[in-house]
Amino acid sequence: MPRSSQNSPGILLLAEGSLAQYRVLRCAAALGGKVQVAGGVHARMLALSRYCSGFHDFDLAARPKDAAARIDAIAQANGLALVLGADVPATRLLICARPHLRTAAYPLPALEAFDALATKDAFMALCRKLNVAHPEGAMFAGKSALLDALESGALRLPAMLKPVDTAGGIGVRRIDTGNARGAIENLGYAPVLVQDFVEGEDWSITVFCREGQVLRRVVYAHPDAVFAFARKPALEDAVADIVRRMNVNGIFNFDARIGPDGKVWMIECNPRFFFNMDVTMVAGLNFAGQGNATAQAPEILGEGTVRLPQALIRQLLKGRAPSALDWKMLAHWLRDPVIFALVMSGYRRVWRSDWLGKIAANW
């Protein structure tokens with residue numbers, strides 16, 4: 001097990017799954033204290049990580065008051081002082097359970113604000129309300145309704161097809177006159193959000209806020225597994241305006257498209273920890289910690305580039321020297337080789353937590 005700092009609080013991580021949640025685990029562990037995980041069957045393989053000091057079965061569908069009692073019992077029994085939600089279900093449950101909790105929780109928005117940001121359709125409606133530039137779109141019940149709209153000419157092309165409640169680009173597809181029918185017929189989800197396609201470059205921005213004030217921020221793009229960190233003042237200002245008007249607390253990850261004319265189009269928001277937060281941590285800013293920044297002096301990650309291992313291999317094959325951050329990212333992956341290989345391969349299985357917990361405890 002990695003060494004724990006006696007000055008860092010122990011952390012309880014609530015998790016529904018294990019893919020993005022593993023990144024949160026690594027960032028939480030980097031703060032120096034021990035980290036334990038509470039979650040369901042799909043989170044159990046996090047216990048294989050050498051950075052997880054214990055796993056607890058936990059019902060994320062529990063009533064808020066019951067969930068709070070279970071969290072407090074685990075925290076008290078294991079010397080854990082802080083609870084974090086690693087994904088949307090866990091974060092929403094913490095927001096609802098917060099009035100009943102004795103254990104401190106990572107800063108969270110109000111439930112109304114969270115729900116206005118958490119799904120693509122709700123975020124589209126919020127942007128309309130706030131008069132924020134956002135691709136226009138409409139909801140369809142499923143592929144049958146979409147095919148009818150295509151046949152009638154009511155579907156504007158090109159367009160983007162999206163599920164409303166997934167992250168990481170899962171299920172998102174661009175359609176045009178050449179592929180629209182086939183793409184719609186092969187859809188595996190419903191309902192479907194259809195949005196106008198906007199020309200431009202994809203950028204993401206993550207901010208940590210208190211009472212609507214941005215205290216930490218990072219802007220990045222990641223084509224072909226190469227993370228480019230940069231400053232985008234127009235995007236930063238647009239997001240700062242949204243969180244200020246909503247007066248929110250916590251962490252928020254926004255995706256945007258910046259057009260050839262520099263116009264910022266907001267696409268979606270994830271009001272939770274984000275998938276690539278371990279890359280940002282390696283680059284110099286760990287969003288699992290709350291820091292000591294102020295609105296007058298926020299922490300900002302400036303320009304830089306980090307290559308994930310697959311991009312690092314391409315760099316080496318071209319005979320080009322990797323940067324210090326590239327090697328640092330590779331070292332980050334290799335410090336926990338078993339769990340990282342499983343997580344990155346998307347491996348899923350209903351693990352038995354009794355023997356898994358023993359393995360994790362003695363790793």
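This passage describes selected local features of a predicted model. Local features need pLDDT of at least 70, side-chain atom pairs count only at pLDDT 80 or more, and totals for chains, interfaces and linings use all residues. Residues are numbered from 1 along each chain as its sequence is written, and side-chain values use heavy atoms, with hydrogens and water left out.

Helices (H or I, at least four residues) and strands (E, at least two) are DSSP runs, numbered from the N terminus. Helix α3 spans residues 88-97. Its buried residues are A90, T91, L93, L94, I95 and A97. Buried means under 20% relative accessible area, exposed over 50%, and partly exposed in between (1.4 Å probe, protein chains only). These buried residues pack against β1 (10-15), α2 (64-78), β4 (80-85) and α4 (111-117).

An open sheet is formed by 4 strands in the order β6-β9-β7-β8, with antiparallel pairing. Its edge strands, β6 (137-140) and β8 (173-175), each pair on one side only. The twist averages 25° from one strand to the next. Two strands pair if DSSP finds at least two bridges between them. Strand β6 is joined to β9 (residues 192-196) by 4 bridges. A138 has V194 of β9 as its bridge partner. Helix α6 (residues 143-152) lies across β6, β7 (159-162) and β9, and runs at about 130° to β6. Axes are lines fitted to C-alpha atoms, for helices over the stretch in contact (heavy atoms within 4.5 Å). Angles run from 0 to 180 degrees between N-to-C directions.

Two cis peptide bonds involve prolines of loops. One joins L157 and P158, with omega about 0°. P158 sits in the loop between α6 and β7. The other runs from A190 to P191, with omega near -5°. P191 sits in the loop between α7 (180-185) and β9.

Positive phi values occur at two non-glycine residues, D224 and N247. Phi of D224 is near 55°. D224 lies in the loop between β11 (213-221) and β12 (226-229), and counts as exposed because its relative accessibility is 63%. Phi of N247 is about 55°. N247 lies in the loop between α8 (233-246) and β13 (250-258). At 48% relative accessibility, N247 counts as partly exposed.
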